[in-house]
Amino acid sequence: MGESPTVTANGNGDATDRDFWIAKIGATIRERRVGRFTVEDLAERAGVSAGLISQIERGIGNPSFATLLRLASSLDLPLATMFNEPPEDRHNMLVRKADRRRIEVPSQGVVMELIVPDTERKLGVVSMTIPAHFDGANSSDSHEGEECVIVQSGSLVATVGGQEFSLEAGDSLTYDSSLPHWWHNRTDSAAVMVAISTPPSLGRAH
């Protein structure tokens, strides 16, 4: 709650890109909600305001990553459904860098790119760009399986099961993903990490 309903420039893509993602996120949430919950019902389940949900669904909200996690969880909605449309060839093995499917959270500059061809795999591999000063304490996640995270650039602080780990570029962290975990970027620069999970964690919001 408390996110501004106005999209402002944040240095992470142009306004057209942000408008696209906000419209796509809003349409997906509305599609999954209609016929199951009223806006007020979903607001109560997710712990966000009905007004904010209405704005998001109309493509004029500016949802935070934490808000998307709450809505996705309340709708049993995998964030993977918000990726770009999958290629027609479901048996494709090769993914060019320029062709990665992606999700962007416009209000915070969080970007997730799918490294594997699609989400129907036994292994999940996702690249995440974590913007400067990102605080993931309100975006805590837990899901079945095991996860290994490798920091490719920048510095990140991981909290797993209440234990804190500082990671620099090249460091990796492997943990039981049923433990609550989240990320902080306490620096002035964006960081990039690759998360590998089995079963794929992007079945749920990462």
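Author: The account below takes the sheet first, then a helix and the nonpolar core.

The model is predicted. Its open sheet contains three strands, arranged in the order 6-5-8 with antiparallel pairing. Strands of a sheet pair through backbone hydrogen bonds, in either a parallel or an antiparallel manner. At the edges lie strand 6, residues 163-167, and strand 8, residues 181-184, each of which pairs on one side only. From one strand to the next, the twist averages 20°.

Strand 5 covers residues 156-160 and is joined to strand 6 by five bridges, the two strands running antiparallel. Across this pairing, Thr159 is placed opposite Glu164 of strand 6.

Turning to the helical part, helix 3 spans residues 50-57, and its buried residues are Leu52, Ile53, Ile56 and Glu57. Viewed down the axis of helix 3, these buried residues fall within an arc of 135°, so they line one face of the helix. Just after helix 3, Gly59 adopts a positive phi of about 80°.

The largest nonpolar core comprises 42 residues, of which Ile29, Leu71, Met128 and Trp183 touch the most other members. Helix 4, residues 65-74, gives the most to this core, with five residues.

Notes
Residues are numbered from 1 along each chain as its sequence is written. This is a predicted model: local features need pLDDT of at least 70, side-chain atom pairs count only at pLDDT 80 or more; totals for chains, interfaces and linings use all residues. Side-chain values use heavy atoms; hydrogens and water are left out. A nonpolar core is a set of buried Ala, Val, Leu, Ile, Met, Phe, Trp, Tyr and Cys residues joined through side-chain atoms within 4.5 Å. Buried means under 20% relative accessible area, exposed over 50%, partly exposed in between (1.4 Å probe, protein chains only). Helices (H or I, at least four residues) and strands (E, at least two) are DSSP runs, numbered from the N terminus. The arc is that of the directions from the helix axis to the C-beta atoms. Two strands pair if DSSP finds at least two bridges between them. Axes are lines fitted to C-alpha atoms, for helices over the stretch in contact, and angles run from 0 to 180 degrees between N-to-C directions.
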